[in-house]
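Hi,

Here is the structure I promised to pass on. Have a look at it first, and then read my notes below.

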2 protein chains.
Amino acid sequence: MMNPMKVNEDELSLALIEAQYAFKKARGTRNGKSLLILVSGVELAGKGEAVKQLREWMDPRYLRVKADTPHLLNHEQPFWQPYTSSIPREGQIVVLFGNWYSDLLTTAMHINHPFDESTFDGYVQQMQAFEEDLKNNAVDVMKFWFDASWSNLQKRLKHIDLSEKLLHRLHGVDWQKKKQYESVQQLRQRFTQDWIVIDEEDEAVRSRKFAVHILKHLKHDALSWTGNAELWTQSALNEKLTHVEQKTLDHTLYKKRLKKLTKQVAHLLREDQRRIVIMFEGMDAAGKGGAIKRIVKKLDPREYEIHAISAPEEYELRHPYLWRFWTKTNQDKITIFDRSWYGRVLVERVEKLADDIAWQRAYGEINRFEHDLVSDNTVLIKFWLSIDKDEQEKRFKARENTPHKRFKITDEDWRNREKWDDYLQAASDMFANTDTAFAPWHIISTDDKRHARLQVLEAIVQQMKVGYSPS
Amino acid sequence: MMNPMKVNEDELSLALIEAQYAFKKARGTRNGKSLLILVSGVELAGKGEAVKQLREWMDPRYLRVKADTPHLLNHEQPFWQPYTSSIPREGQIVVLFGNWYSDLLTTAMHINHPFDESTFDGYVQQMQAFEEDLKNNAVDVMKFWFDASWSNLQKRLKHIDLSEKLLHRLHGVDWQKKKQYESVQQLRQRFTQDWIVIDEEDEAVRSRKFAVHILKHLKHDALSWTGNAELWTQSALNEKLTHVEQKTLDHTLYKKRLKKLTKQVAHLLREDQRRIVIMFEGMDAAGKGGAIKRIVKKLDPREYEIHAISAPEEYELRHPYLWRFWTKTNQDKITIFDRSWYGRVLVERVEKLADDIAWQRAYGEINRFEHDLVSDNTVLIKFWLSIDKDEQEKRFKARENTPHKRFKITDEDWRNREKWDDYLQAASDMFANTDTAFAPWHIISTDDKRHARLQVLEAIVQQMKVGYSPS
């Protein structure tokens with residue numbers, strides 16, 4: 001690494017701007033990435049000045065800076081949820097002052113019942129795993145800890161004026177108390193092993209070091225792809241998919257049970273204190289729309305939201321594939337997905353829209369995403385509606401002959417049908433890798449539609465009642 | 001209009017679904033529109049049931065329903081600000097239960113010092129003007145008032161159970177008090193002249209009427225373009241643009257005043273209780289970037305946000321052109337725009353990206369947008385940096401020959417230069433039509449860059465100090 005103090009200031013600025021524009025220009029290419037810079041540290045250790053200096057050296061219009069006040073980690077939402085709108089998209093660089101680590105520190109310092117070590121370390125592990133997932137999905141993460149010794153901090157505290165104090169938002173930590181200072185230092189040691197620590201006394205040196213680290217990253221690391229292949233074994237075809245159950249149901253009995261169950265489901269969904277996410281996957285014409293209609297039958301339209309998921313938009317493609325689901329899983333009390341994030345390992349795999357490494361890695365990413373949701377106040381209910389291949393053909397033809405169903409069938413449905421076996425394999429691998437204790441799959445045979453609808457409702461009742469507390 | 005009660009239910013559902021899909025399919029075409037349905041009314045008058053029924057008849061996945069709790073109109077933000085994320089984009093239909101009229105009613109019923117009639121009516125006028133702007137920008141608005149007589153309301157109140165009462169969120173109005181009921185009725189008469197009022201006693205009739213109105217709109221009105229041409233007169237060329245001032249400035253004096261002014265500006269921006277929006281337009285190479293750098297010089301990077309505005313993204317194009325600015329003007333204390341919403345009447349006009357009716361109408365729309373911001377707690381400071389044509393050529397060439405400025409110059413800049421006269425005309429028309437008392441333009445000659453920077457800072461000081469209370 002170049003010696004930060006020996007670089008001429010104009011040259012450094014020029015190099016930073018050039019690297020910034022090259023980074024911006026790579027947007028949309030195979031090397032397109034974004035960069036998230038987490039900045040934390042002891043008060044008055046020079047974070048603000050370093051970022052200010054960086055913004056002067058770079059083109060400030062393309063270096064966003066966000067500073068959230070702390071969010072307490074209280075299991076109301078996953079730790080990454082408040083930051084999803086700050087995560088940069090391809091070509092962008094964002095500096096986050098407030099970030100999940102400052103939330104963790106604040107929570108650890110301030111709750112009445114402080115975290116025990118294993119809870120704290122559990123969070124750190126979750127955070128590091130999340131960052132790894134970001135990196136694998138083209139969001140590079142750099143972490144800087146600005147540090148100051150106890151005596152230096154006290155010296156600096158004496159010299160700041162009141163208005164500056166206000167700006168520094170001391171976040172409830174009293175930096176004049178040695179015990180609190182030491183607590184922060186002990187806690188941060190538990191997560192800063194992989195951080196860049198900047199602790200020079202001289203402000204100019206700190207700012208230069210910070211800038212040179214970022215320059216180096218933009219010029220070198222940002223150009224190489226970090227994704228790792230994982231060991232991959234294909235699963236056997238899932239029997240539930242190859243041998244679809246055939247059942248029939250008496251009509252009067254059906255009506256009666258349907259009525260009772262829709263009422264019960266509405267009651268359970270409404271009264272539960274958690275957020276509820278219900279998700280449907282399955283072959284075309286398996287009856288996703290009909291099942292959803294029955295779930296919401298007794299709900300008020302203001303109580304739920306349905307998201308019909310199709311191909312991502314251009315701007316969504318410049319984010320990690322899970323991003324558009326991060327932003328859709330915390331807005332409503334009851335959220336229903338007609339297709340979902342599993343598109344990554346279904347259509348994107350089969351149609352080769354994601355390369356092998358990407359979709360094989362996705363199972364772990366999806367499991368972590370779902371675990372984070374379920375750990376933090378969400379019930380996740382996942383359905384696969386299965387259908388026999390001949391039955392699908394029958395329904396396709398029936399749709400083409402029924403006026404108010406014709407809009408449901410397109411050439412693409414017929415094309416997807418030609419890849420039936422590929423989808424079966426993809427679904428089997430999906431179940432093998434994502435049927436977890438905290439977010440189990442319900443595979444429902446839909447050859448008899450009425451039977452299927454009852455089973456969906458029953459599965460909801462069962463999962464809502466069991467409750468689940470993730471380890 | 002077809003008689004709602006004579007239509008067979010299946011046929012109505014089929015017609016609604018077909019209309020809904022045709023509406024969705026028109027997205028991206030010249031007829032592409034979105035539909036915003038405002039639903040308000042007396043409690044228990046059937047709003048919820050009607051929307052629920054509509055969602056059953058239509059494809060519920062493409063009919064979004066939003067229900068916000070009321071926002072008080074307290075001049076903290078424009079009345080439309082809380083709803084910008086709910087405004088549908090092309091092809092979408094959204095039902096808004098909570099909307100700006102329910103906010104107005106709630107505020108009028110609940111503040112300690114109730115609105116006088118002219119304040120109330122002033123809001124109504126502002127709201128109607130906003131809806132007109134939406135319609136002209138491809139967002140159709142339908143407004144439904146669900147009504148019930150005093151005696152019917154009391155009958156219904158007796159028959160609901162507790163859990164329903166909870167759901168109905170009575171918003172602080174006590175519907176069992178006749179005086180309050182009558183107040184609501186008197187107030188709503190002041191804005192519901194152009195609403196569709198639904199007041200039948202029978203729930204089935206109400207729901208059908210509601211659905212048939214929407215069907216009719218989707219099938220007929222949604223297909224016709226409602227935009228009106230306004231009378232348009234071209235302005236004379238603005239002298240400040242054709243005769244750019246030539247000034248020079250002593251270097252020592254410049255340094256001294258710059259230092260003093262950057263400090264003063266930082267202080268004023270930071271201490272003011274309002275949001276501050278500073279906006280730059282001007283020919284290429286006029287020095288927008290440099291001026292911005294000086295403004296933020298003494299600010300902390302956490303205190304402001306800079307938006308560099310370029311061509312809208314695909315998804316932004318499916319919204320009114322002002323939409324992407326609605327969402328960027330309320331997030332930060334200090335927001336700086338490098339280019340802005342004036343793109344509509346500058347580049348979009350010159351490059352024929354907006355048709356004549358659209359850009360000619362934009363002056364009024366922009367004035368209303370700016371007036372709403374300024375009325376509700378925002379200081380808006382607008383700059384045009386002007387430059388002589390020969391001076392621009394000199395700077396372009398200098399940029400091409402300076403390594404750390406080369407990234408600033410592209411072929412497009414040279415192409416824009418060829419349309420110099422068109423841009424001068426567009427800018428002159430812009431000043432003639434948008435230089436308002438509440439948001440005046442500052443035209444700054446930049447042939448001497450240092451002089452220009454001082455003038456920008458002085459203009460900020462002057463506008464911040466004057467203060468302005470819109471009529």
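Predicted model: local features only at pLDDT ≥ 70, side-chain atom pairs only at ≥ 80, totals over all residues.

**The interface between the chains**

The size of an interface is often given as the accessible area lost when the parts come together. Here, about 4200 Å² is buried between chain A and chain B, and carbon and sulfur atoms give 55% of that area. Charged pairs are found there too: 13 salt bridges run across the interface of chain A and chain B. A:Glu305 and B:Arg55 form a salt bridge, with 4.0 Å between the closest N and O atoms.

**A helix pair in chain A**

Within chain A, helix α1 (residues 9-25) packs against helix α8 (residues 203-219) at an angle of about 40°, and their axes lie 9 Å apart. The crossing of α1(A) and α8(A) is left-handed. On the α1(A) side, the residues that meet α8(A) include A:Leu12, A:Leu16 and A:Phe23, while A:Val212, A:Leu215 and A:Leu218 are among their counterparts in α8(A). By type, the residues of this contact are nine nonpolar, one polar and three charged.

**A sheet in chain B**

Chain B holds an open sheet of five parallel strands, in the order β7-β8-β6-β9-β10. Its edges are β7 (304-308) and β10 (441-445), each of which pairs on one side only. On average, neighbouring strands of the sheet are turned by 20° against each other, direction ignored. Strand β9 (residues 378-386) of chain B pairs with β10(B) over five bridges, in the parallel sense. To find your way there, look for B:Phe383, which stands opposite B:His442 in β10(B).

Best wishes

Technical notes. Residues numbered from 1 in each chain as written. Chains lettered and ligands numbered in written order. Heavy atoms only, no water. Pairing = 2+ DSSP bridges. Helix = DSSP H or I, 4+ residues; strand = E, 2+ residues; numbered from the N terminus. Axes fitted to C-alpha atoms, helices over the stretch in contact; angles between N-to-C directions. Left-handed = near helix turned anticlockwise from the far one by under 90°. Contact = heavy atoms within 4.5 Å. Nonpolar A, V, L, I, M, F, W, Y, C, P; charged D, E, K, R; others polar. Buried area = accessible area lost by both parts, 1.4 Å probe. Salt bridge = Lys/Arg side-chain N within 4 Å of Asp/Glu carboxyl O.
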